[in-house]
Amino acid sequence: MNLIERVIAISRRRSPWICRLNAGSCNGCDIEITPLLSPRYDAEQLGIELHGTPKHADIVLISGTLTLRSRQAILDIYDQVPNPKAVVALGSCPSSGNVFAGSPLVLSCSLDTVVPVDVWVPGCPPRPQAILDGIARAAKLLEDGATKSQLAKSRLAGSQPESRCGRPS
Amino acid sequence: MAMLKTILGNLLRPSRTRAPADMPVVPPTYRGALTHDAGRCTACGTCAFVCAPKAIHFTQDPGISVSWHFFIGQCSFCGLCEQNCPTRAIHLRADVPGSTNSAGGDGLRLESVIHLQPCTRCGAAHVPLPAATMDALWAAGADEAERGYCPDCRRWAASARLRTAFTPDGAVAEGGRHDR
Ligand code: SF4
Ligand code: SF4
Ligand code: SF4
């Protein structure tokens, strides 16, 4: 890694831009992001900035239950995020479906089966400091080139994971 | 004037409001990381029954142990398990569970193993009562030997005590083993 690449990698950690994706959340997790950006938790001290469009983001925060309809939307939006990228899953919903698991339109499976997830933040909803910690971890992974999408790219092992999550039987 | 004071104050303060380590305090009643004490658990299954997202389940190793499993990625932190656990084996601590990099939150699965013990009377493997419950049950000076009994033998012992109360000479025929 030459000097310029090193500087770019460090800047990536020092100023991660995030975008938020509600995959069918009850809004609890999304509401916890708002205080995170406020002076009380002050995410900007870590250089974190919220962007509306995935095309400007480094880190995607995905919250909520995966549904039959949101699955394709997640894939589309994930594709629009420029490389290198990291995914942070917020709360219990993306990892299992939480209380909604088993509902007819809910994919009762982990978000990992749709897009590669780098950091899981537990909670329902997670506290803002837990989300901040999750973003900081994802930013560190981005700097180290250790996010799953970066690793997959360096291995040239197909950028898109094979989606194993279909309609629940 | 008050406004000028605020502006001056804001100018003199550093740009950040909180260092990452200096976060707002977590309220003491916060339901965070869950802990389970195998020594107090009777494997009664109440926690798995009340848990709406089915974050808790049990597996068995017949005759040897019962395992209590918990997956934080499925928990909604409602606290019902803590509220309903009769022996207070579950506690949701007031600290924020940390994030994890592992797939599916696998690093956040808890397993605690409850070892079965043979009954001192009939030898059947059973989940021993927690020490605190035993102390509460046998504080009144009942038969200490009953401490190691399985639930069936405890029932047998209780009914034997009842029968002694009815027989005039206090004698009770040793009923041998109960039906299993
Ligand atoms: S994890 Fe909890 S708060 Fe977050 S979207 Fe799911 S149900 Fe809502
Ligand atoms: S943790 Fe409590 S409620 Fe759950 S099985 Fe054990 S004793 Fe019963
Ligand atoms: S806190 Fe609620 S959701 Fe979590 S394990 Fe206990 S009962 Fe289940």
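Here is a short walk through this predicted model, from the contact between its two chains down to single residues. Residues are numbered from 1 along each chain as its sequence is written, while chains are lettered from A and ligands numbered from 1 in the order in which they are written. Because this is a predicted model, local features need pLDDT of at least 70 and side-chain atom pairs count only at pLDDT 80 or more, whereas totals for chains, interfaces and linings use all residues; side-chain values use heavy atoms, with hydrogens and water left out.

On one side, 29 residues of chain A are in contact with 32 residues of chain B, contact meaning heavy atoms within 4.5 Å. The size of an interface is often given as the accessible area lost when the parts come together. Chain A and chain B bury about 2300 Å² between them, and 53% of that is on carbon and sulfur atoms. Buried area here is the accessible area (1.4 Å probe) that two parts lose on being put together, summed over both.

What holds for polar pairs across this interface? Between chain A and chain B there are four residue pairs in polar contact, both residues being at pLDDT 80 or more. A polar contact is a pair of N or O atoms within 3.5 Å; within protein, one must be able to donate a hydrogen and the other to accept it, and residues adjacent in sequence count only if both atoms are side-chain atoms. In chain A, α4 (93-96), β5 (119-121) and α5 (128-144) each supply at least two residues of the side that touches chain B. Helices (H or I, at least four residues) and strands (E, at least two) are DSSP runs, numbered from the N terminus. The largest share of that side, seven residues, comes from α5(A). By class, the side of chain A that touches chain B has twelve nonpolar, nine polar and eight charged residues. In this scheme Ala, Val, Leu, Ile, Met, Phe, Trp, Tyr, Cys and Pro count as nonpolar, Asp, Glu, Lys and Arg as charged, and the others, Gly among them, as polar.

The salt bridges come next. A salt bridge is a side-chain nitrogen of Lys or Arg within 4 Å of a carboxyl oxygen of Asp or Glu. Over all chains the count comes to nine, but between chain A and chain B it is zero. One salt bridge joins the side chains of R6(A) and E143(A) (3.3 Å, N to O). This pair links distant parts of the chain, with R6(A) in helix α1 (residues 3-14) and E143(A) in helix α5 of chain A, 137 residues apart.

Now look at the ligands. Around ligand 1 there are 13 residues, the closest being S25(A), C26(A), C29(A), C93(A) and C124(A); a residue is near a molecule if one of its heavy atoms lies within 4 Å of it. The shell around ligand 1 has six nonpolar, seven polar and no charged residues. Ligand 2 is surrounded by 14 residues, and the closest are C41(B), C44(B), G45(B), C47(B) and C85(B). Its shell divides into nine nonpolar, five polar and no charged residues.

Chain B can also be viewed as domains. The assignment gives domain 1 (29-115) and domain 2 (119-166), with bounds that come from an automatic or database domain assignment. Their centres, taken over C-alpha atoms, are separated by 28 Å. The contact takes ten residues from domain 1 of chain B and six residues from domain 2 of chain B. About 470 Å² is buried between these two domains, and carbon and sulfur atoms give 74% of it.

Within chain B, E111(B) lies in strand β5 (residues 109-115). Leaving aside neighbours within four places in sequence, E111(B) is in contact with S67(B), W68(B) and H69(B). The side chain of E111(B) makes a polar contact with the side chain of S67(B) (3.1 Å).

Finally, some details of the backbone in chain A. Most residues other than glycine have a negative phi, and most peptide bonds are trans. The peptide bond from N83(A) to P84(A), however, is cis, with omega near -10°, and P84(A) sits in the loop between α3 (68-80) and β4 (86-90). The bond from C124(A) to P125(A) is cis as well, with omega near -5°; P125(A) is in the loop between β5 and α5 of chain A. D42(A) has a positive phi of about 55° although it is not a glycine.
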